Amino acid sequence: MTAKSAAGAARATVYGYPRQGANRELKKAVEGYWKGRVGADALRATAAELRRGTLRQLADAGIHEVPTGHFSYYDHVLDTSVMVGAVPGRHRAAVAADPLDGYFAMARGTQEVAPLEMTKWFDTNYHYLVPELGPDTVFTADPAKQVAELAEALDLGLTARPVLLGPVTYLLLAKPAPGAPADFEPLSLLERLLPVYAAVLADLRAAGAAWVQLDEPALVQDRTAAELDAAARAYRGLGALADRPKILVASYFDRLGEALPVLAKAPVEGLALDFTGPAAGNLDGLAAVGGLPGKRLVAGVVDGRNIWINDLEKSLTTLGTLLGLADRVDVAASCSLLHVPLDTAAERDLDPQVGRWLAFARQKTAEVAALARGLAHGTGAVAGELAANRAALASRAGSPITRDPAVRARAAAVTAAETRRPQEYGDRAAAQRARLRLPLLPTTTIGSFPQTDDLRTARADLRTGRIDAAGYEERMRDAVREVIAFQEKTGLDVLVHGEPERNDMVQYFAEQLTGYLATRHGWVQSYGTRYVRPPILAGDISRPEPMTVRWTSYAQSLTDRPVKGMLTGPVTMLAWSFVRDDQPLGDTARQVALALRDEVADLEAAGTGVIQVDEPALRETLPLRAADRPAYLAWATEAFRLTTSGVRSDTQIHTHMCYAEFGDIVQAIDDLDADVISLEAARSHMQVARELAAHGYPREAGPGIYDIHSPRVPGADEAAQLLRTGLRAIPAERLWVNPDCGLKTRSWPETRESLQNLVSAARTVRAEVAAS
């Protein structure tokens, strides 16, 4: 490729960047604000400095057009609700009294008022706050945040492009507000919402924006003719505005399919498309609609969701093909870099060879900039980068780290019989009742208890040598004893050891399995101020030795009540890691399942009668296109059954899922063949219980009655009422009582009171059932 063939200088850009700062400064400032240790002005100053630092980093890396508006104190969808004035009625007084406190009240709730529902952002592990809309919703424009953040970039002398969530996706992500008619659809509010977007666009133009990006990732999903017509109306209307910047409509995470011709015909100046993974089909789709003559194409050729280095030569080939399909082609990551850690340079413990295979946010911006130079000026302009990239790719492909012949042979030898429990559920249920002797409406928790400052200090002390392994173990044993004693006193029926020794439900296991790599600073936002460090799945997976047995056995030695063994399932081990991209996901899932199967067998052999294998990521990993789902669900459910099918009939297998739209996967939940499933249900008012009932789900279930993602403590009466709602869908003999999710993010005072109320509610409703 020559400079002439690139038809002008391609620009480099990205759609968003990690928000937290190199040392998670935003998390510390926000949590300090919640605790009263940091004032509002100090919080805003920290946020502003983080934004300015990000802008400077992007500009220094060679990003020609920086994004603005992607920063958030908690969630960008919640920010959009604020921008369009869609504040639920129960939060309006708090927002009017103090916009910042009201914002956090919508996100987290208060003791008096419930927060917005939370669920997963498409097929990622990022959680967003679900807008609540009804027929009486009145939208009003509030572009102050977007205008101020644009001004910050312009003041630095940078070319900036505000990034907003598009109106169609915003409405498609929304849910009917409580009390809305059963047939109400938020998308019916489109014509009411568009004038608000028009006002925001006008204000951004007046503030100096030449381009504004409107993100429409919902259009990569299967959409009805009515939804596609709504998208066409939306962009005909916005495109026809006289007072607006140029509009760039962006999609990501998959191919646009039927929506591509709709957007290609729309009177907007540009499209931003993903060309990685399943979205590579956008290349053929773009050719099929005749390209984008007269328009700008921003090509997402650097994977914004995984951490492996880009194949620069392959991407340049794709970009070269795209040159003939648009008036100009610019280069970007496939989506916001929110989904990857900040910088590989901080990972000094990684093998330098492995480090060359990885690209976090800073490295990805460098890749984008290099590809833009190569596209604009020819491959000679990036010869050094291309040579280094080829060497790193070859190093990974030929490394023994990535392949273990014994693991591959075992996975290849799996039989169909190993993926099914030999006993029917009815026979298993009878054997489990006889063994466990639980009451009606048995109570339990999901697994983790509060991760206190003392526990985190103990881990830090072990790392720095202030205590030895024996001292650390004794601190963990003290914590287990406290958790068991509390649960017994509170009256819970099936106990857990509380997981004090676990840093994270995936990382803890990854650090004990071969084939995984752990980072020290690879933080990624999950929701709000909750950050996780996804491990890196680099090679074939095996389990050298038992991982959980001694802790579960120790807890069981302290009580006569059953203690659950707690494991993270194979799909979640993949979904909440950065997975290898050099083999099918199903192959990797089978390897992880076999490693976990060994752990299940050892737990059972040690006398554990209840084993929970959590799969909260089963729904979030569901492909966005319906045509791709059957193949995924086949290997995903098989991996769970392979993990759990080797136990006796009287060993009770639990699973757990949270914060997802479960209605899409009820059949898959059934196919897992778990004896008991616990699910998030508090914020959605037991919606999942109704979905299970409509499906005819035949096994036991515990839809949660305590929302653990909020500091709010539900009263016993409120918990009892939720439980009664659950009973209208699930018979008492198959209904469990539990929180929505693990308790590690909560404080002990909240946990004590909430679980006491949960047990009280169970006893109240149990007596009602017995008397009826």
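**View 1. Glu499 in the loop between H19 and helix H20 (507-510).** In this predicted model, Glu499 belongs to the loop that links these two helices. The phi angle of Glu499 is near 60 degrees, a positive value in a residue other than glycine. Because its relative accessibility is 10%, under the 20% limit, Glu499 counts as buried.

**View 2. His685 in the loop between strand E20 (676-679) and helix H26 (687-695).** His685 has a positive phi of about 60 degrees, although it is not a glycine. With a relative accessibility of 49%, His685 counts as partly exposed.

**View 3. The contact of helix H18 (residues 453-464) with helix H19 (residues 469-490).** The axes of H18 and H19 come within 10 Å and cross at roughly 165 degrees. That angle is over 145 degrees, so H18 is roughly antiparallel to H19. The crossing of the two helices is left-handed. From H18, Asp454, Leu455, Thr457, Ala458, Arg459, Asp461 and Leu462 meet Ala469, Tyr472, Arg475, Met476 and Ala479 of H19.

**View 4. Trp121 in the largest nonpolar core.** This core holds 117 residues, of which Trp121, Tyr235 and Leu319 touch the most other members. Helix H8 (residues 190-206) gives the most to the core, contributing eight residues. Leaving aside residues up to four places away in sequence, Trp121 touches His76, Val77, Tyr126, Tyr128, Leu165, Leu173, Pro217, Tyr252, Phe253 and His339. Another core, of 100 residues, lies apart from this one and includes Phe486, Phe509, Ala668 and Val765.

How values were computed. Residues numbered from 1 in each chain as written. Predicted model: local features only at pLDDT ≥ 70, side-chain atom pairs only at ≥ 80, totals over all residues. Heavy atoms only, no water. Axes fitted to C-alpha atoms, helices over the stretch in contact; angles between N-to-C directions. Helix = DSSP H or I, 4+ residues; strand = E, 2+ residues; numbered from the N terminus. Parallel < 35°, antiparallel > 145°, perpendicular 65-115°, else oblique. Left-handed = near helix turned anticlockwise from the far one by under 90°. Contact = heavy atoms within 4.5 Å. Core = buried A, V, L, I, M, F, W, Y, C linked by side-chain atoms within 4.5 Å. Buried < 20%, exposed > 50% of the residue type's maximum accessible area, 1.4 Å probe, protein only.
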